[in-house]
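User: I have not worked with this structure before. Could you walk me through it, please?

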Amino acid sequence: MDSKEEGETRTKLMVRNIPFEASRTELRELFGSFGQLKSLRLPKKFDGSSRGFVFVEYLSSDDAKTAIRSLASTHLLGRKLVVEYANEDKSITSTTNDISV
């Protein structure tokens, strides 16, 4: 997972330390400035408040790479963003497809 080749083809990022008061619009503007967004997901707590992180997916791996490099030391509303590639989704169906019967 740490190989250079894997990072070059990935498009989904996880950004931690997002300020709780940051809006979806502000985040779309920030991350959209590095390329075309496929999706932006801002998980919420049961009470509707932000959980402090966001998943951002770009249409191209080059845009994701640019965002990681550019946001490495960025502060948003007083908080330093921690940007990294998101772990690939693992599901039961993806593992069962690999099993031969």
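**A first look at the chain**

Analyst: R10 is a buried residue, because its relative accessible area is 9%, under the 20% cut-off. Please note that the model is predicted.

User: Where does R10 lie?

Analyst: R10 is in the loop that runs between α1 (4-9) and β1 (12-16).

User: And what lies 2.3 Å from a polar atom of its side chain?

Analyst: That is the backbone oxygen of A86, 2.3 Å from a polar atom of the R10 side chain.

User: Let us step back. How many helices and strands does the chain have?

Analyst: The chain contains four helices and six strands. Starting at the N terminus, their order is α-β-α-β-β-α-β-β-β-α.

User: What share of the residues is buried?

Analyst: Of the 101 residues in the chain, 35% are buried. The chain exposes about 6,900 Å², and 50% of that comes from carbon and sulfur atoms.

User: Now E57. Which strand is it in?

Analyst: E57 belongs to strand β3, which covers residues 53-58.

User: Is E57 buried or exposed?

Analyst: E57 counts as buried because its relative accessibility is 18%, and the cut-off for buried is under 20%.

User: Which residues is E57 in contact with, leaving aside neighbours within four places in sequence?

Analyst: Those residues are T11, K12, L37, K38 and S39. With T11, the side chain of E57 also forms a side-chain polar contact of 3.5 Å.

User: Back to the whole chain: what can you say about contacts between residues at least 6 apart in sequence?

Analyst: Of those contacts, 63% join residues at least 24 apart.

Key. Residues are numbered from 1 along each chain as its sequence is written. This is a predicted model: local features need pLDDT of at least 70, side-chain atom pairs count only at pLDDT 80 or more; totals for chains, interfaces and linings use all residues. Side-chain values use heavy atoms; hydrogens and water are left out. Helices (H or I, at least four residues) and strands (E, at least two) are DSSP runs, numbered from the N terminus. Buried means under 20% relative accessible area, exposed over 50%, partly exposed in between (1.4 Å probe, protein chains only). Contact means heavy atoms within 4.5 Å. Accessible areas come from the Shrake-Rupley method with a 1.4 Å probe; for residues, only the protein chains shown count as cover. A polar contact is a pair of N or O atoms within 3.5 Å; within protein, one must be able to donate a hydrogen and the other to accept it, and residues adjacent in sequence count only if both atoms are side-chain atoms.
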